Every structure is written in structure tokens, then in C-alpha cells.
Amino acid sequence: MVPMTSTKGKTPRESAVETRYLVMPQQANPQGTAFGGAIVSWIDMVAAMAGQRHCGCEVVTAQIDTLIFRHPVHIGDQVILRAAVNYVGHSSMEVGVQVIREDPYTGEQTLATTAHLTLVALGKDQKPTAVPPLLPETPEEKRRYEAAKLRVQERKERLKTL
Ligand SMILES: CC(C)(COP(=O)(O)OP(=O)(O)OC[C@H]1O[C@@H](n2cnc3c(N)ncnc32)[C@H](O)[C@@H]1OP(=O)(O)O)[C@@H](O)C(=O)NCCC(=O)NCCS
């Protein structure tokens, strides 16, 4: 097992998180579909867990982008949340999250929401601290790494203009 504080690096698989929620009425609007804000809070939570597992320290969310609500999620649906670290900089990590709705009776799955989050690792002094390298292994992990690298560069450029 790789220790949580490893500086040798980790594969995306080692820190990936998958969890489930049952969508309850208090998380929905009068049309019976989940509030965007509720979905974002699940996304933020699962991304933070993946980020913490990668760096073994406290993390904060610096940015959420490319948040796409592709399909509605209904009361009574199960949602599967998958988060994986796509790319790391010095102290920041890009985490990709997929929200999949599953019909509890038929088991049919639909990709409902996707997002990319930038998390920043904080040291004990609450300041940004270096994260371990990311070691993508599979062709899919390598594809995500290269795509995220471009997005990170674009974000840095965009931030300069804000
Ligand atoms: C995120 C935060 C810690 C960054 O602090 P900072 O002093 O700007 O840190 P730096 O300028 O040294 O940047 C640290 C890293 O974060 C990245 N970063 C900072 N702000 C960012 C933003 N808005 N979007 C994306 N990346 C960002 C930098 O590019 C840098 O990445 P790198 O180390 O991999 O090269 C600080 O802005 C903060 O605390 N924000 C509020 C977080 C929060 O309350 N979130 C909601 C609850 S979790």
C-alpha cells in the first residue's frame, strides 16, 4: 500500500473515489429533479476526497469549471460519483468528476453531470504546499493527463485577465 504522504507519486487509480447517493426530496425542485447546487456539493465533496487521497493533506477548492448538466437527476435515482486526479502542478491538482444517474429499478445508467475542479493542497501553515507527482499509467489516464495539462495552461491565462 502507498502511504498517504508519499512523495514518490501516485497513479490516478490510487486516489480515485467512487461513492453513491440516493436523491431525496429535500435536494429537489418542484419538478422533482435535483437542484444544481446539491449536485455541485456532491461533486465538491468527492473531488476533495480524491485530492486529499492524492496529497495526504488538507485541500481547498480554488475553481470549478466546465461544469455541464447533461441530463436531469430525479428524486429516487441513485447517483454514482466518480472522481480522479487528472493532472497536478506544484500545489494544485485538477480533479475530474462524473455524476452518473442510475435508475434504481432497471439499473440503466446515464452520464448526468461532469466537472473539472482545481484543488490546492495546504500545509500545516494553511499555505499552498507541494503535492506528490501524478503517475498516469493506462492509456485513458495518459489521455486525461494531456488534456488536463492544456486546460491548466488555459486557466492560468484566463486568471490573468480576471
Ligand atoms: C486557493 C488558494 C489557497 C490559493 O492561494 P494563493 O495564495 O493564490 O496561492 P498561489 O498563488 O501560490 O497558487 C497556488 C496554486 O493554486 C493555483 N490557483 C490559485 N488560484 C487559483 C484559481 N482561482 N483557479 C485555479 N488555480 C488557482 C495556482 O495556479 C497555483 O498552482 P501551482 O502551485 O500548481 O502552480 C486561495 O486563493 C484560497 O484560499 N481561496 C479560497 C478557497 C476556498 O475558500 N474554497 C472554498 C471552500 S474549500
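Let me start with two terms: helices (H or I, at least four residues) and strands (E, at least two) are DSSP runs, numbered from the N terminus, and two strands pair if DSSP finds at least two bridges between them. The model is predicted: local features need pLDDT of at least 70, side-chain atom pairs count only at pLDDT 80 or more, and totals for chains, interfaces and linings use all residues. Residues are numbered from 1 along each chain as its sequence is written, and side-chain values use heavy atoms, with hydrogens and water left out.

I turn to strand β5. β4 and β5 are antiparallel and are joined by 11 bridges; R101 has T110 in β5 as its bridge partner. The two strands form a hairpin with six residues between them, and G107 in the turn has a positive phi of about 80°. β5 also runs antiparallel to β2, with nine bridges between them, and D65 stands opposite H116 in β5. For burial, the classes are buried (under 20% relative accessible area), exposed (over 50%) and partly exposed (in between), with a 1.4 Å probe and protein chains only. On that scale, 12 of the 14 residues of β5 are buried.

Next, the pockets. On a 1 Å grid over the protein atoms alone, a pocket is an open set of points where a 1.4 Å probe fits, with protein on both sides within 12 Å along at least five of seven lines; lining residues have an atom within 4 Å of a point. Grid points are joined across faces, edges and corners, and a volume is the space filled by probe spheres set on the points.

The largest pocket holds about 500 Å³. Its lining has 25 residues, of which A84, N86, G96, Q98 and R144 are the closest to its centre. Elements that give two or more residues to this lining include β3 (78–88), β4 (92–102) and α3 (139–161). The classes are nonpolar (Ala, Val, Leu, Ile, Met, Phe, Trp, Tyr, Cys and Pro), charged (Asp, Glu, Lys and Arg) and polar (the others, Gly among them). By these classes, the lining of the largest pocket has 10 nonpolar, seven polar and eight charged residues.

The second largest pocket has a volume of about 180 Å³. S92, T118, R155, K156 and L159 are the closest to its centre among the 13 residues that line it. α3 gives the most to this lining, with four residues. The lining of the second largest pocket comprises six nonpolar, four polar and three charged residues.

Which aromatic pairs does the structure hold? There are two. Rings of Phe, Tyr and Trp (its six-membered ring) pair if their centres lie within 6.5 Å; planes under 30 degrees apart count as stacked, over 60 as edge-to-face and the rest as tilted. Y21 and W42 are stacked, at 5.4 Å centre to centre and 20° between the planes. Y21 lies in strand β1 and W42 in helix α2 (residues 36–55), so this pair ties together parts 21 residues apart in sequence. Y21 is partly exposed, at 31% relative accessibility, whereas W42 is buried, at 4%. The pair of Y87 and Y145 is tilted, at 4.9 Å centre to centre and 50° between the planes. Y87 in strand β3 and Y145 in helix α3 are 58 residues apart.

Finally, a note on the backbone. T66, in strand β2, has a positive phi of about 40° although T66 is not a glycine.
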